[in-house]
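Subject: Structure for you to look at

Hello,

Here is the structure I promised to pass on. Please open it first, then read my notes alongside.

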Protein chains: 2
Amino acid sequence: MFLNVAVDTAGGDLGPPAVILGIEYFLKKSSSTNIHFLLFGDQEEIKPLLNDAILLKKHCTVIHAEKKIASDAKVSDVLRQASETSLGMAIDSVAQKKAHVVVSSGNTGVFMALSKIRLKTFQGIDRPAIPCFLPTLKGQTLMMDLGANIECTPKMLLQFALMGTVYSSIFLKKEKPSVALLNIGVEHSKGVSLLQEAAILLKENKHIDYKGFIEGNDILKGDVDIVITDGFTGNISLKSIEGTSAFIYKIFYQYLSKSWRGRLGYLIAKPVLKKVFSILEQRSYNGAPFLGLQGLAVKSHGHSDAIGFANAIKVAIELSIVNLPQLVEEKLLESI
Amino acid sequence: MFLNVAVDTAGGDLGPPAVILGIEYFLKKSSSTNIHFLLFGDQEEIKPLLNDAILLKKHCTVIHAEKKIASDAKVSDVLRQASETSLGMAIDSVAQKKAHVVVSSGNTGVFMALSKIRLKTFQGIDRPAIPCFLPTLKGQTLMMDLGANIECTPKMLLQFALMGTVYSSIFLKKEKPSVALLNIGVEHSKGVSLLQEAAILLKENKHIDYKGFIEGNDILKGDVDIVITDGFTGNISLKSIEGTSAFIYKIFYQYLSKSWRGRLGYLIAKPVLKKVFSILEQRSYNGAPFLGLQGLAVKSHGHSDAIGFANAIKVAIELSIVNLPQLVEEKLLESI
């Protein structure tokens, strides 16, 4: 299978260098040669970078974009000019079937809004959502939405639960994965009324194995397969998890390096410790699709570096190969 | 100084045994003998437990309460009967100056509402909030609200920032601690409009050193002294942090115990590792006051075990000794 991957090189805090190096890093690790990259962005910026990206240089086309979308741009302000921006052009290439997938580390809100307009959502789905698999004590748990929709109605949370069930059944191979709603307590009276209404919708839906509310400290226990939340709360929760992991990693090394006991113990246990920290390594979880779209769009973390971006490319290619939108559509048709 | 500490023994998931054992544990560690505990709850349940709590037995009075408040009770449903419940009676003892402080692991919403009614907030403060000091790479950061107010107006967030500034200046001895608002991005356009309005209020207030928005992954970096958020988001964030810490602790030991390298490395580095994990030990952070009240009320985690409850008692006594409400009032008068 030959794949065209559209990349918005202008998105992300680290700009084109992280994107270009990231793709090169991916190509070095990958055995596949039948992938072609469409690099959207400022050609004056991209071309010199390709001199240090020998593999990518052989497998890419640079498509000049006059404009780029700022990380703090508001959706309403950029819609009109979108088709001249690197992100808009990259999304359009998927809409026009010139590319199988689009990848960007850019402004989440704008990426989501443009993807929704150009690639369309499936029938029965109002808005796409961002899922993420988290490592847990029992395997992996899917959490969504992670930032695409900062305010959600109970109906949207129901749709996320349906999409999460489909996505999870595809990737975790579970027939009917269990679902919980993220809340500040497990009792039915807890939280905002919107969550209580959503709980009723999830409970009544026969395609969802609804288990009730879940609290933030229980997500990584892995007792439920899917944690559903609005994009604001999900984003805060995910980033709190990432920040804690990074914090522990740092104080761990700080303390171990301070004494001979620490240094010696570390040397001996190094292979084991490396394994533990690779589980927590947030960069290896970078890259998530906008679930619910008829086309494939993969969001990479705004802060992601080259290694993180390489992982987003990997996710984009894996999802293209299985044709995620088609799989989701088939499964959704059964349950909506 | 002689202190009377009112305790709601019925609150918390583990009930009276965790509470009684927790106080006993505190007394064993403490050198102070001039503390008297008023134990509110079912005397038939409490009295047998005191047989295993020799120190507490000498320093307590059991006050029978006919009723207790369920963990899933709604505020509106229990207000009328509150004065017959262990929690309501314990709070009343502070209102009537019979106790210096009340401690409970019970229903946060009810505890907050009753405390507000009986103990009153300071002038200029609409609702009390729960603060918590978190360990960071640079020391400690105060986060609030952690669950007392699930929906907040921009004005409430401003009041939290003022109270946080006061609380932080008392405990971290910083003249003007820096403040940030928890959000899903740092750009001014990010998040819900309520946060953007709050940002303007915080920026305009000369008593607050406002630094802008902060994301979940940056909280534990310690770059700002105070992180302000509504109680829903704060609760989710704090519990996500706690859950991650517990998760890492578990997989860490799981992996280390699986191989001889892991076991040997652990044995050698044990004193260092113990220190790292004691920083992360959530039980040692249990116990937080409702900030903004004219009387002292300390909330203990609903899940807290005896060791966690012992720490809440320790916090309650420390805050009583410094007379937190008076300190807060003096400082607030300067800034409202």
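First, a term. Helices (at least four residues) and strands (at least two) are DSSP runs, numbered from the N terminus. Keep in mind that this is a predicted model.

With those names in hand, go to the loop between β6 (139-144) and α7 (154-171) of chain A, where A:Asp145 lies. A cis peptide bond joins A:Met144 to A:Asp145, with omega at about 0°. Chain B has a cis bond too, between B:Met144 and B:Asp145, and omega is again about 0°. B:Asp145 lies in the loop between β6 (139-144) and α7 (154-171) of chain B.

Next, look at A:Lys173, in the loop between α7 and β7 of chain A. Its phi is near 55°, a positive value in a residue other than glycine. Why point these spots out? Because most residues other than glycine have a negative phi, and most peptide bonds are trans.

Now the sheet. In chain A, 5 strands form an open sheet with mixed pairing, in the order β5-β6-β9-β7-β8. Which strands are at the edges? They are β5 (131-136) and β8 (209-214) of chain A, each pairing on one side only. On average, neighbouring strands of this sheet are turned by 30° against each other, direction ignored. Take one pair as an example. Strand β7 (residues 178-182) of chain A runs parallel to β8(A), and 4 bridges join them. A:Val179 has A:Tyr210 in β8(A) as its bridge partner.

Then the interface. Here 59 residues of chain A are in contact with 58 residues of chain B. The two chains, A and B, bury about 5,500 Å² between them, with 74% of it on carbon and sulfur atoms. Three residues, A:Ile184, A:Phe232 and A:Phe247, supply 12% of the area that chain A buries against chain B, more than any other three.

How many salt bridges does the rule find across the interface of chain A and chain B? There are 2. In a salt bridge between B:Glu215 and A:Lys239, the side chains meet at 2.2 Å, N to O. Polar contacts between chain A and chain B number 16 residue pairs.

Which parts of chain A touch chain B? β5, α8 (193-204), α9 (231-258) and α10 (260-280) of chain A each supply at least two residues of that side. The largest share, 19 residues, comes from α9(A). The residues on this side of chain A divide into 28 nonpolar, 21 polar and 10 charged.

Best wishes

Terms used: Residues numbered from 1 in each chain as written. Chains lettered and ligands numbered in written order. Predicted model: local features only at pLDDT ≥ 70, side-chain atom pairs only at ≥ 80, totals over all residues. Heavy atoms only, no water. Pairing = 2+ DSSP bridges. Axes fitted to C-alpha atoms, helices over the stretch in contact; angles between N-to-C directions. Contact = heavy atoms within 4.5 Å. Buried area = accessible area lost by both parts, 1.4 Å probe. Salt bridge = Lys/Arg side-chain N within 4 Å of Asp/Glu carboxyl O. Polar contact = N/O pair within 3.5 Å; in protein donor to acceptor, adjacent residues only side chain to side chain. Nonpolar A, V, L, I, M, F, W, Y, C, P; charged D, E, K, R; others polar.
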